[in-house]
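Keep the 3D view open as you read.

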Amino acid sequence: MIHPEPIEYGKLAKTINRQPLFENLHLNIDPGECIVLSGDNGAGKTTLLRILCGLLTPDAGDCRYNGSCYHWKRARPWLLQNVVYLHQEPYLFDSRVLDNIAYGLRRRGHTITQARDIAARALNATDLGHLQQRNARQLSGGEKQRVALLRAWVLSPRLLLLDEPIASMDERSRHRTLFLIRRLQQDGVSLIITAHEPRLFAPLAERHLRLKQGQLNPAQPLTPETGAAPGSAFMLDEKYDEQWHLS
Amino acid sequence: MDQLSEAFINALYLLFSGDRELWIIVATSFSVSLRAILVATPIAIVIAFLLAMTRFPGQRSLVMIIHTLQAVPAVVVGLTVYIVLSRQGPLGDWRLLFTQTAMIVGQILLCLPLLISMAHATFAGADRRAWETARTLGANRVQATLTFFYELRFALLAAIIAGFGRIIAEVGSSIMVGGNILHHTRNIPTAIALETAKGEYAQGLALGIVLLLLAFGLNALLHLSQQQRPVYA
């Protein structure tokens, strides 16, 4: 389901070790939009994502959602309930995959039975059903990333923040993860993805922004290149999807 | 060598002969130490968590003091509690001296520094993504903190086992504030001290082996519980 209202962040400022990381930063995300965020190491991409989801407190800032503008402190509870952040290496709880998926649903008031039922259906619908009884700590890096994506997906967040979601993945895992991200996008979830190789997300991204010297600037549009690197989202045509989906 | 083997046979005999006095002593030991660890654990976990997760002036000094307190001899703790609880002491009116409550107080003070230190090390080295992940998935502060503790349960359990090991075997504090009263405050370590003073070395060693066997049984139970598949949602 696509949420009707955009989310707008305004006047965001953050100083770390007395050095301003960014000041008066504005960002709006339309419903179902996918933004790719690039920038050098240390530019503040991860810090920005952690602020956007409510985990980190900015020095200043506000957030507009559902038609009203709120000071960041007042918006924080809403952000924590509606914006999900995935670490570069997602953290999975030391329990079964099924219970990892069910965790957020439980926090949203579902009973254990309901939450596990939804989790099992989601796992089966994404070809991850065979993992549901495994301890999440025993999964490979790619599997962990997909389980973490699914754990966020079942919550139907307004905005999903992915920090380098396909970094250091092999080609096969990369494709499977990109496939899942595209399904999330098709489901109406707004996405912000940080990436060192933004072109890998070309078919998904509607906007490409670059964080440099505390400013968010539009970067050159991401266009699929000929001869794209193996594993790039550029290669995600339907036939390819199907191939990886069924394998 | 003969004395040791005799002690071991004596220990097995004592354990399986249903000796009433022995089991009263064992029950006193475990009852006092389990109650002490039950009270000390939540206090230690809260203090350790705050020490690891918050910043305040003097924090490092406080951690150093707590680390140092691990080295305090049991008899010094016992003496301190004795002074506080004795007739002339500030809490003398409570008439707690030579009771199990006094022993529990002494044992709590003994194991707190060890528990706090180990739990603090656990929290300080913990993966904070656990807490952040819980929060971003919609958990409130309390739920996220409980999830964080749950993720660290094995390390925290190890701290509790170490704390329990420290107090179940201590003699200095128990004998000083408990008084070694038969059927009331006599526990295994104070009974061993008594038997040794009487020259009954084999009996003392046998009681030591009983203590070890029972502690081993308890640890085995805890380890078995660790191996259970963690299930929560």
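Which residue in β2(A) is the bridge partner of A:Lys14? The partner is A:Phe22. Keep in mind that this is a predicted model.

Now widen the view to the strands themselves. Strand β1 of chain A covers residues 7–16. Seven bridges join β1 to β2(A), and the two run antiparallel. Strands of a sheet pair through backbone hydrogen bonds, either parallel or antiparallel.

Both strands belong to an open sheet of four strands in chain A. Read across, the order is β2-β1-β4-β5, with antiparallel pairing. The edges are β2 (19–29) and β5 (68–71) of chain A, and each pairs on one side only. From one strand to the next, the twist averages 15 degrees.

Next, look for the helices. Helix α1 of chain A, residues 45–52, lies across β1 and β2 of chain A. Helix α1 runs at about 125 degrees to β1(A). Helix α2 of chain A, residues 72–82, packs on the sheet too. There, α2 touches β4 (60–65) and β5 of chain A, and its direction makes about 50 degrees with that of β4(A).

Now turn to strand β3 of chain A, residues 34–38. Is this strand mostly covered or mostly open? Mostly covered: five of its five residues are buried. A:Cys34, A:Val36 and A:Ser38 point one way, while A:Ile35 and A:Leu37 point the other way.

Strand β3(A) has parallel partners. Four bridges pair β3(A) with strand β8 (residues 190–194) of chain A in the parallel sense. In β8(A), A:Thr194 is the bridge partner of A:Leu37. Four bridges also join β3(A) to strand β9 (residues 207–212) of chain A, again running parallel. Here A:Ser38 has A:Arg210 as its bridge partner in β9(A).

Key. Residues are numbered from 1 along each chain as its sequence is written. Chains are lettered from A and ligands numbered from 1 in the order in which they are written. This is a predicted model: local features need pLDDT of at least 70, side-chain atom pairs count only at pLDDT 80 or more; totals for chains, interfaces and linings use all residues. Two strands pair if DSSP finds at least two bridges between them. Axes are lines fitted to C-alpha atoms, for helices over the stretch in contact, and angles run from 0 to 180 degrees between N-to-C directions. Two residues are in contact if their C-beta atoms, placed from the backbone, lie within 7 Å. A residue is buried if 20 or more other C-beta atoms lie within 10 Å of its own, exposed if 12 or fewer, and partly exposed in between; C-beta atoms are placed from the backbone.
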